[in-house]
There are 2 protein chains.
Amino acid sequence: MNVTLLAGGVGGARLAHGLDLALRAAPAETPTTAPSAPDASPALTVVVNVGDDTELHGLAISPDIDTVVYTLAGLNDEDRGWGLRGESYATLAALRELGEDTWFTLGDRDLATHIVRTARLRRGDPLSAVTAQLARSMGVLPHIVPATDDHLATLVDTPSGRIGFQEYFVGRQHADAVLGLHFEGADAARPAPGVLDALDADLVVLAPSNPFLSIEPLLAVRGVREALATARGRRVAVSPIVGGQAIKGPAAQILETLGHEVSALGVARIYADLVDVMVIDERDANLAGPVADLGLAVHVTDTVMGGPPGRERLARELLALA
Amino acid sequence: MNVTLLAGGVGGARLAHGLDLALRAAPAETPTTAPSAPDASPALTVVVNVGDDTELHGLAISPDIDTVVYTLAGLNDEDRGWGLRGESYATLAALRELGEDTWFTLGDRDLATHIVRTARLRRGDPLSAVTAQLARSMGVLPHIVPATDDHLATLVDTPSGRIGFQEYFVGRQHADAVLGLHFEGADAARPAPGVLDALDADLVVLAPSNPFLSIEPLLAVRGVREALATARGRRVAVSPIVGGQAIKGPAAQILETLGHEVSALGVARIYADLVDVMVIDERDANLAGPVADLGLAVHVTDTVMGGPPGRERLARELLALA
């Protein structure tokens, strides 16, 4: 079975990890005489948001890609939710002393990723190729594919004007009301190689990522929304809203300021034309009826993944939906 | 008194440090009512070799400039002779794990310098402006000026072919016989702003740096050799060869393979048309006559600087020669 996950940062990374664990553990559909090669085409593709990407100190930063790759590599900092475990910050301290603006925390080991990515992008490699190489270097087997190799930047309209995503999210700690979102470059951005093919999977999952900040910029890439709307496989979305609150980040506030109901039902309405099944948390079981009324199948379960066992359990349930 | 030092790496940096100490301690020539502002035009300009500059991991590395700046800032690793004191190497370890070739050691704090330099060069700032800014950020008052803002790369002809400077020096630990040197770009390279003015100083000192690897690429920049040959001030060279040996590095071997006498006299012959005074070590006092026969004044002293007191002592003797 081929599975594709559309993902933003932490929520997407955790579900990617769960799917990777579940697919590795799953018995092969067709018995083979030889064990599959370690570089055999993996069953899991993760298409990752690049609207958060930014440049800092001249380095190309792809926060969502790195969160997914680090998590799949088992190198991520689980407690903090971003970056690498056991990081040090000597370079950042020196950058600060040189007068650089260091509001965005970059660890020493994390910087190696950005340095390598930047060097390879500058020599002309597309982000998709650079990402595949970096993921392989870290021992990650699933395909990690950026939504696009072209420029796409999420800009956030706030009461004090339009600002870049990282200024909104990290710099101002997503405290501003989000009045609108603009995906700069989306009209011209083409899907990265492999993205449209990946949507032809047996199961396509929209991760419990922020619908506006993580999934929308991904769907805004030319042809992606249409390909998902007409995809042949089972299409499943997992609600990032549980009991009227976001598991992490500003999804609840943004739903509200953009005029949506702050609930799994509000999320289901956004995805209604794109998916077949909505997965909602058991705390929201009362919303199963209204979600079904949208014409969606509903799967009610514990959607809060926590650590690897919870991730794998949720992933197995998703695989069973296909 | 205005002093200009032409410098390569460690030897140049130590003498720059001595001159900075000596000039700061020297009584002002003209008494002033107000103490001079900390950003007053400094009496010392160091024109630094850029033939060793290279790009690693997409970052612009200027080893000689950094050695001079770090030493003047008091941040250098005195024991090792290069880099910063108390460095860590987390980024380099991570670069290695990502499959990067890490034969050139880069510390975490040192990397901040390269990251900032690279970002500013890429936005179009010339190396001279970037260097001035970096030096100021580290509290360095003397003017640090690269020989040129243009491309100039020292290439080394060895029995196994022509190789880049850092491959020769660091990668192969200067073990190859040097059959010749080529300064790529020198014909077109223009002196950086301030270089020719600096040669109009009251005292111009050729540091005890490698004559071929540090001083020659500097003189190869268009107009520099001519400006030095006709400079109005006192021009003094300090021999890097003491008792027939180099204090540091491959100067002795290179003198030999290029057909020069491996002595302070051999160095004096190379510089005879460019300087007025040759400073040789007291261990080479027997060479004072032959050096004088070249038409040069000779100053015999202890030229091995060691720590700050030795640097300042030698610098004071040089100032007295002006």
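This is a predicted model: local features need pLDDT of at least 70, side-chain atom pairs count only at pLDDT 80 or more; totals for chains, interfaces and linings use all residues.
Reader: What makes the relation between chain A and chain B that of a two-fold axis?
Author: Chain B is superposed on chain A by a rotation of 180 degrees, with 0.0 Å of shift along the axis and an RMSD of 0.0 Å. That is the relation of a two-fold axis. In chain B, the C-alpha nearest the axis belongs to D108(B), 3.4 Å from it.

Reader: How do you know that the copies meet through the same surface?
Author: Of the interface residues of chain B, 100% are also interface residues in chain A, so the surface is the same.

Reader: Why is the pair R283(B) and D302(B) called a salt bridge?
Author: The closest N and O atoms are 4.0 Å apart, and the definition asks for a side-chain nitrogen of Lys or Arg within 4 Å of a carboxyl oxygen of Asp or Glu. The pair therefore counts as a salt bridge. R283(B) lies in the loop between β13 and α12, and D302(B) in the loop between β14 and α13, 19 residues apart.

Reader: Why is R283(B) called exposed?
Author: Its relative accessibility is 53%, and exposed means over 50%. D302(B), at 25%, is partly exposed.

Reader: What makes D176(B) buried?
Author: D176(B) has a relative accessible area of 14%, and buried means under 20%. Its salt-bridge partner R172(B), with closest N and O atoms 2.9 Å away, is partly exposed at 35%.

Reader: Which residues of chain A are linked in a network of salt bridges?
Author: The network joins D281(A), R283(A), D302(A), R313(A) and E317(A). Over all chains, the search finds 40 salt bridges.

How values were computed: Residues are numbered from 1 along each chain as its sequence is written. Chains are lettered from A and ligands numbered from 1 in the order in which they are written. Side-chain values use heavy atoms; hydrogens and water are left out. Copies are superposed by least squares on the C-alpha atoms of residues with pLDDT of at least 70 in both. Contact means heavy atoms within 4.5 Å. Buried means under 20% relative accessible area, exposed over 50%, partly exposed in between (1.4 Å probe, protein chains only). Helices (H or I, at least four residues) and strands (E, at least two) are DSSP runs, numbered from the N terminus.
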